[in-house]
Amino acid sequence: MARIIGNAFMSHVPAIGGAIAKGRTQEDYWKPFFDGFPPLRQWVGEVKPDVVVVCYNDHGLNFFLDKMPTFAVGAAPSYSNADEGWGIPQTAPFAGEVDLSWHLIEQLVADGFDITTCQEMLVDHALTLPMALLWPDQKWPVKIVPVCINTVLFPLPSAERCWKFGQAIGRAIQSWGTDEKVLVMGTGGLSHQLEGERAGFINKPFDVQFMDSLTGDPEWATRQSINELVKQAGTQGIELLNWLVARGTLAGAGQGARELSRTYHIPISNTAGAVVLLEPA
Ligand code: DHB
Ligand code: FE
């Protein structure tokens, strides 16, 4: 049976791509963030995942204000990178794990999650940069399944619904009849707000409490409303829902979690550079 071998969580700021492209990763501004990655690279080098399920949010690339699925699952054989104008180099395309995509889609619909199925899908910085941070040579040794969560346009799914969605994905991965090792990634956050009166808002105590909750009390955030979470994390910090979906997969597979690595650094661009690696426990 397929196995979830861990959760990797990280922020997904486009400027990370700029720092990589311009060779600035060791400069004072960026080093504390990029220093968070050697432990994750060593870990993926050892455990060698076959597939990465990436829980993230699309930033107006596939889904805009006119059409916005709450949850969408990719089912494409290949995913090309485009982005919404940040001027960062495009990555090589990603091979899709189509068999797992369809298995997930069938199981999720049977489980009451009426997701949108995407047989064509572009991917943006929220997927490509986390992948590039784990595999800096950008020669992807894994196949992927993108899972998009609407964190952009209200009404957003509740934290509790995201947790349950993650659990359903975890159960589905576990019932996929292969011996593949699956890494589930959650990208975005943590606290940030890009517009309005609170532009530049970062809430470190909240971020730390959220990261702490991931091992000991992962349902902590589900006890708060979306409005409460937006108040504490900011209008873009609500991307933490992606982390919650990813963390829910381990719970759905009947696993607890142990923290292997954590980095938290303020600021990178308008948010915190947050990196957390969990393995099943
Ligand atoms: C930034 C953060 C994001 O989550 C994003 O999608 C784009 C930009 C930023 O902090 O610059
Ligand atoms: Fe974002």
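Q: Which residues are linked by ring pairs into a cluster?
A: This is a predicted model, and in it F9, F206, F210, W220 and W243 are joined into a cluster by ring pairs.

Q: What makes F206 and F210 a stacked pair?
A: Their ring centres lie 6.4 Å apart, and the limit for a pair is 6.5 Å. F206 and F210 both sit in helix α7, 4 residues apart, which is about one turn of the helix. Both are buried, too.

Q: Why is the pair of F113 and F165 called tilted?
A: Here the centres are 5.3 Å apart, within the 6.5 Å limit. The angle between the planes is 50°; stacked would need under 30 degrees and edge-to-face over 60, so tilted is what remains. This is one of 13 aromatic pairs in the structure.

Q: What makes F113 and F165 a link between distant parts of the chain?
A: The two are 52 residues apart, with F113 in the loop between α4 and β6 and F165 in helix α6.

Q: How do you know whether F113 is buried or exposed?
A: Buried means under 20% relative accessible area. F113 has 5% relative accessibility, so F113 counts as buried. F165, at 0%, counts as buried by that cut-off as well.

Q: What makes R198 a charge over a ring?
A: R198 lies over the face of F201, 4.1 Å from the ring centre, and the distance limit is 6 Å.

Q: Why are the buried residues of α8 said to be on the same side?
A: The buried residues in α8 are I226, L229, V230 and A233. They cover an arc of only 100° around the axis, so they share one side of α8. N227 and K231, on the other side, are exposed.

Q: Which helices do the buried residues of α8 pack against?
A: They pack against α6, α7 and α9. After α8 comes G234, with a positive phi near 95°.

Q: Why is strand β9 called largely enclosed?
A: Of its 7 residues, 6 are buried, so the rest of the structure largely encloses β9.

Notes:
Residues are numbered from 1 along each chain as its sequence is written. Chains are lettered from A and ligands numbered from 1 in the order in which they are written. This is a predicted model: local features need pLDDT of at least 70, side-chain atom pairs count only at pLDDT 80 or more; totals for chains, interfaces and linings use all residues. Side-chain values use heavy atoms; hydrogens and water are left out. Buried means under 20% relative accessible area, exposed over 50%, partly exposed in between (1.4 Å probe, protein chains only). The arc is that of the directions from the helix axis to the C-beta atoms. Contact means heavy atoms within 4.5 Å. Rings of Phe, Tyr and Trp (its six-membered ring) pair if their centres lie within 6.5 Å; planes under 30 degrees apart count as stacked, over 60 as edge-to-face and the rest as tilted. A charge sits over a ring if NZ of Lys or CZ of Arg is within 6 Å of the ring centre and within 35 degrees of the ring normal.
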